[in-house]
Amino acid sequence: MKFNTKTIHGGQSLDTSYNAVMPPIYQTSTYAQSSPGNHKGYEYSRTHNPTRTALERSFASIENANYGLAFASGLAAIDAIIKLLKPGDEIISTNDLYGGTYRLFTKIFSTYGIKFHFAGMHDIISIEKLINKNTRLIWAETPTNPMLNIIDIVALSTIAKKHNILLAVDNTFATPYLQRPIDLGADIVMHSATKYLGGHSDVVLGAIMLNDKELADKLYFIQNASGAICGPQDSFLVLRGIKTLHVRMQRHCENTKKIADFLNANARVDHVYWPGFDFHKNHDIANKQMDDYGGMLSFKVKDNNNGDVFRILERLKIFTLAESLGGVESLCCHPASMTHASIPREEREKSGLSDSLIRLSVGIEDSDDLIQDLRQAIN
Ligand SMILES: *Cc1c(COP(=O)(O)O)cnc(C)c1O
């Protein structure tokens, strides 16, 4: 089955009760048993729920994985993955990580005795130098947020395999429409389905996809034991979102290219970060591992005196000033004071995330209107 068919049918089977074309929302906590232990595969909704199962099968299908798991949020999914480790274990990750992931790693898991190293992941040699006998996991994100850095998944998976450690990739920004990390050698894929998979800014949910049965069993155990599951209504919304993922992503990519070109030609704009430009760092790796360049871009405004950046953000009318990304509507944000405020300034500026940076999540509105909105706000 090809990707554009998988988004709609992948892993799905017809409802057995009334042949409903969409899986019903099984709004139930428990299931009747005819005699103790005799049931139809469902006992209690923390453990399993048929609507969640339908979503989990779709997750596995779109990432070319054997197993899919759904969680209450992207961070709950990451939390479950890190619980595969134990005190003394070490993780290597990127220094321009999603802010919430950085907070979970440094403020929660480091107090449980897990050690984290943060490094620039474009430099594979320096990553390999950080590996020691305690290293269990490499945690990568590509394209990164908000600098749109591209990390070579095949190169990372090669060193991960060589040292017998796991590679997990947060594929939230790219989505499997553009990039399939398991095919590139990753062991675990994670998503904030709150973003493109859901696609309509109306639900918070997380996903894990993987091939290895033993690891999947451990994660199902953690999912049930820790209990950070998503409800049936939210599972339904994300399943519905995935059905249009391919058409939405196509338009996100088209609009973003036009906006990147517009901003790049604007005299008030200092630099545009978008993996489609041939001057973008690691553009060649993006070409190798992605099918297009996605719906996210960031740009720096020249001479950010007198709070020019804040004024631009206040003046935008179609772009809504808000955190999050990946919905049908265009959003803008100021990473330094919003999404990345929990990262210390020195750490932030090391990765180029200055106060003059604006991040756009380009929606699927008409690109003429979006460009006109940016023009009036910037000029
Ligand atoms: C939003 C996001 C997360 C966290 O997901 P939630 O659903 O908000 O918990 C993790 N990684 C990336 C790249 C994100 O954009």
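1. Domain bounds here come from an automatic or database domain assignment. That assignment gives domain 1 (3-242) and domain 2 (245-378). Their centres, taken over C-alpha atoms, are 26 Å apart.

2. Please keep the basis in mind. This is a predicted model, in which local features need pLDDT of at least 70, side-chain atom pairs count only at pLDDT 80 or more, and totals for chains, interfaces and linings use all residues. Residues are numbered from 1 along each chain as its sequence is written, and side-chain values use heavy atoms, leaving out hydrogens and water.

3. Now the interface. Domain 1 and domain 2 bury about 3500 Å² between them. Buried area is the accessible area (1.4 Å probe) that two parts lose on being put together, summed over both. Carbon and sulfur atoms carry 61% of it.

4. Which charged groups pair up? A salt bridge needs a side-chain nitrogen of Lys or Arg within 4 Å of a carboxyl oxygen of Asp or Glu. The rule finds two across the interface of domain 1 and domain 2. K288 forms a salt bridge with D152. Their closest N and O atoms are 3.0 Å apart.

5. Next, the lining of the largest pocket. A pocket is an open set of points on a 1 Å grid over the protein atoms alone, where a 1.4 Å probe fits, with protein on both sides within 12 Å along at least five of seven lines; lining residues have an atom within 4 Å of a point. By class, this lining has nine nonpolar, nine polar and three charged residues.

Note on methods
Ala, Val, Leu, Ile, Met, Phe, Trp, Tyr, Cys and Pro count as nonpolar, Asp, Glu, Lys and Arg as charged, and the others, Gly among them, as polar.
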